Amino acid sequence: MTAHPASDWHPIHDTFYRLHRIYQMQWAGLDLSRYRVAAAPFGGPIALVRDDRQLLEAGAAPVLDSAITVFAASGAAIGRIEYDDDNNNNNNGGGGLMPLARIAGFSWNSREELVCVQEDGNVRVFSLGGQQEPTTTFSLGPEAREAGIVDCRFWDQGFVAMTGTFRFVYVNDIGEPKPRMLSASAAASGDPMQQHQQHQRLAEMPHSWAVVAPHLTLSHHVEVLAATGRTVVLVDAGGMQDQLLDQGPYTRISVSPNGRLVALCSGNDGDSSSRVQVVSIDFQRSYSEYVRTPGEAPRDVAWCGSDAVVASYAAEAVLVGPFGDTLSFAHAAPVHLVQELDGVRMFNGAAHEFLSKVGDDARSVFQIGSTAPAALLYDALDSIRAHSSRADEIVRSIRDEMPQAVDACVAAAGAEPLVEVQQALLRAASAGRAFLAVYNGDRIADMCRSLRVINCLAAAGVGIPATLMQFQSLPLEAWISRLLHRNKHALALRVCQYLGAPADAVYVHWACAKIRASALDDDALFNVLRARLDSLGAGGRAAPAPVASYADVAAVADRCGYKRLAARLLQLEPRAASQVPLLISMGHDAAAMDAAVRSGDADLVYFVIFHQLKALPLADFFHALGRAPAVAGRLFEKYCVATGAPVLDDYYFQDDALAKAARLAVLQALAEPDSARRIARLAAAAKQLARAAGSSAAAAAGGGAAAHVPPIEARALDSHIRLLHAQRQLEADMPGEAFAGLPLGATVARCLASGNYSRAARLRSDFRIPDARFYWLKLHALVQRRDWAELARLANAGRGKSPIGFRPFVDECVAALQFQEAARYIPRCAAESHAALPRRPPWPRATPMRCV
């Protein structure tokens, strides 16, 4: 018979706390006093490493070596990290293995990665997925390397390390490590007071210290509380500030989860008394205090929620409530504390327990003597099952409050650790719902699904004892990832199918784990993977599509030495953006280029091109680009032209592309600002173009293939060179006028606007400007200059016949408000066929004319 749920409640002031045993530990009575312990929150794993700071007595009990052993929260071994110092071993030069770098501190981050900070200033991050190599390694800088690291404090995403000179270096994000010295910014501020504070540093090793995470501070920067002497100092980005306390030394400091309170523990073993005091974060107000006689320093301190502190001693754990009331829980050995969102996990070599505050919903149901509607509904469950008339009486008495009773039973079920009690509460909620005409039952269904998953996670074989609050505070992907780290692929797949979530990550992780643990050859392993993945994708009523990323699996196969398997898996990858980088890392540049071209993504093609340009000698790069699809070469040419890269000349020379080289020389010459050098370079380009035309003609005569050079290109280039010569002569003859770079029409128009009619006529004959076009240019220029005599001569030229007619003469004069001049040409317009002559020039004017 299940005990009453309130039998393990412990009253303190006006609330209750519950101590629930989660597991009987499976590690066979391991003596934790011999090891350094790091336990992850959210029911996470426990890492043990031999404490090399103490001498151990040789005996029959097993002693862990330098390796880090990882256990589930149930005490079952789930991993082992062979911890060694690669840097020392590599630098020893064959003189034997040097001593391993000692670990100054280690802890788990929010992604269940083990962060190990070494005394030499190096940091190594290990994954729980069975990989022996660290996923991330970095250094904390030269000062940390020279002075050494003596201690560390961690939070979810970062940590603070204390050097041998008692300075602090911090990393805000382990995923993107950027080590910085704390209070280093004050030196650059220019403020003498801040510089004085910055140069202050701890003179001795602090008795204890704690970290205030950046998301808990007003400045959003990390802060350190260090106990030195009889006081506490605050170290932040601005310097060091004494909090002016006098009841130290403080042997333990712990900051509350909301960052508003601080727990200070003073006193050592053998003192007459020791004290646990809870104060505000600014140390201006004291909230509660617990005095212990005789004195004993706590082994560990953690917060149970945001208003109660748990201190672990040699034979008991003491909870200090918000008003100084205490609860004592006896243990045969000291317990390690793990701070959770809604309580504290306590474990030693024998058992693993969870201490939490009893919620209001659970109190309304199970508190002795409770007459709340939820308690009456829960009590009426047996009567409802027995079809007793007493059930009708209870239901009638709480009919108006039935929705609140149902909600309270559902919420209480989520807070209960025992499955039998959860089931009873949910049955009571379902029974109460039957008496309601309108009630949304999704809340009951959601609670059933969540509790079913939570109970599966908490099973001893899995060892993730999460509560409902913890389960809801993380996304489902995080819990699936935790199962995959423990190689619980079947359970992870069932959870995804049960909750209707994508299972792609499960498929990928299973395939990677299979590759790492397999002894099969490439072909056999490929068949096994395809058969299982296809069956998983096709079977199951809620199973999603097969593996979403074959590239991830192929990357693992490549690292494990399965080259042919990796190549075959990459052929199944549908996304070129994932396929191409891995092909490059495998050394298959040609296949990567083909895949990038097939994808139609120019960025991918450029990615392969730039990789080859950086990795290969220039000649080999040109040969590789020549063997690639033609679009790759054209994209490379486009990039070089847009950026002016000089390598394009070498590419054309290597490829024997004379026509392209000549056209490139033309473009480069046209960009030359100096007219003399521009003419010289254009002349050289013209010779290249002539050679390219000769080569093209010879190749065509011999039946070969070569780039065709149209004759019009050579003629146009020759005309442009002659125009540049003419413009240089015009600038010499007409000081103050700029002709260089103008088109032919604009050059003629500027000569006419300047009154140099003879030079304009010479340009007309030299470049064979059509009569109609020249008439239009000269007509507009003469009207702008108000040169009516020359306009009359233009009208009478050609035996009195104008190639553009006389209507434009009238229109230009009218537009210039010269009506008398316009009247002279109106009689000559009568004989014209207006449909055949344009009223406006059929081309845009080159440049605006001006009157000189």
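Where is the place of Gln579? Gln579 sits in helix α17, which covers residues 576-585; helices here are DSSP runs of H or I with at least four residues, strands are E runs of at least two, and both are numbered from the N terminus. This is a predicted model, so to speak of local features a pLDDT of at least 70 is needed, side-chain atom pairs count only at pLDDT 80 or more, and totals for chains, interfaces and linings use all residues. Residues are numbered from 1 along each chain as its sequence is written, and side-chain values use heavy atoms, with hydrogens and water left out.

Back to Gln579: the residue is buried, at a relative accessible area of 12%. Buried stands for under 20% relative accessible area, exposed for over 50%, and partly exposed for what lies in between, using a 1.4 Å probe and protein chains only. Once neighbours within four places in sequence are set aside, Gln579 is in contact (heavy atoms within 4.5 Å) with Leu570, Gln571, Glu573 and Ala595.

Now for the chain overall. The protein chain has 31 helices and 29 strands. Of its 852 residues, 47% are buried. Taking the contacts between residues at least 6 apart in sequence, 50% join residues at least 24 apart.

One of the strands is β25 (residues 316-320), and Leu319 is part of it. Leu319 is buried, with a relative accessible area of 0%. Not counting residues up to four places away in sequence, Leu319 touches Ile12, Tyr17, Cys304, Ala308, Val309, Val310, Asp325, Thr326, Leu327, Phe329 and Leu355. Ala302 is 17 residues from Leu319 along the chain, and the C-alpha atoms of the two are separated by 9.6 Å.

Next come the sheets, where two strands pair if DSSP finds at least two bridges between them. Ala47 has Val70 of β5 as its bridge partner.

Another open sheet, also of 4 strands, runs in the order β19-β20-β21-β22, with antiparallel pairing. Here β19 (250-255) and β22 (286-292) stand at the edges; each has a single partner strand, so one side of each lacks a neighbour in the sheet. From one strand to the next, the twist averages 15 degrees. β19 pairs with strand β20 (residues 261-266) in the antiparallel sense, over 5 bridges. For Arg252, the bridge partner in β20 is Cys265.

What about the aromatic rings? A search of the whole structure turns up 13 aromatic pairs. Rings of Phe, Tyr and Trp (its six-membered ring) pair if their centres lie within 6.5 Å; planes under 30 degrees apart count as stacked, over 60 as edge-to-face and the rest as tilted. The rings of Trp9 and Phe16 have centres 5.6 Å apart and planes at 50 degrees, so this pair is tilted. Trp9 and Phe16 are both buried. Phe621 and Phe622 also form a tilted pair, because their ring centres are 5.7 Å apart and their planes lie at 50 degrees. Phe621 is buried at 0% relative accessibility, and Phe622 is buried with a relative accessible area of 6%. Trp27, Phe71 and Phe347 form one aromatic cluster.

Some rings have a charge over them, a label given if NZ of Lys or CZ of Arg is within 6 Å of the ring centre and within 35 degrees of the ring normal. Arg153 lies over the face of Trp209, 4.7 Å from the ring centre. Arg568 lies over the face of Phe526, at 3.9 Å from the ring centre.

Lastly, the cysteines. A disulfide is a covalent bond between the sulfur atoms of two cysteines. Counted as pairs of cysteine sulfur atoms within 2.5 Å, disulfides number 0 in the structure. Cys409 is buried, at a relative accessible area of 0%, and Cys813 is buried with a relative accessible area of 0%.

Methods:
Axes fitted to C-alpha atoms, helices over the stretch in contact; angles between N-to-C directions.
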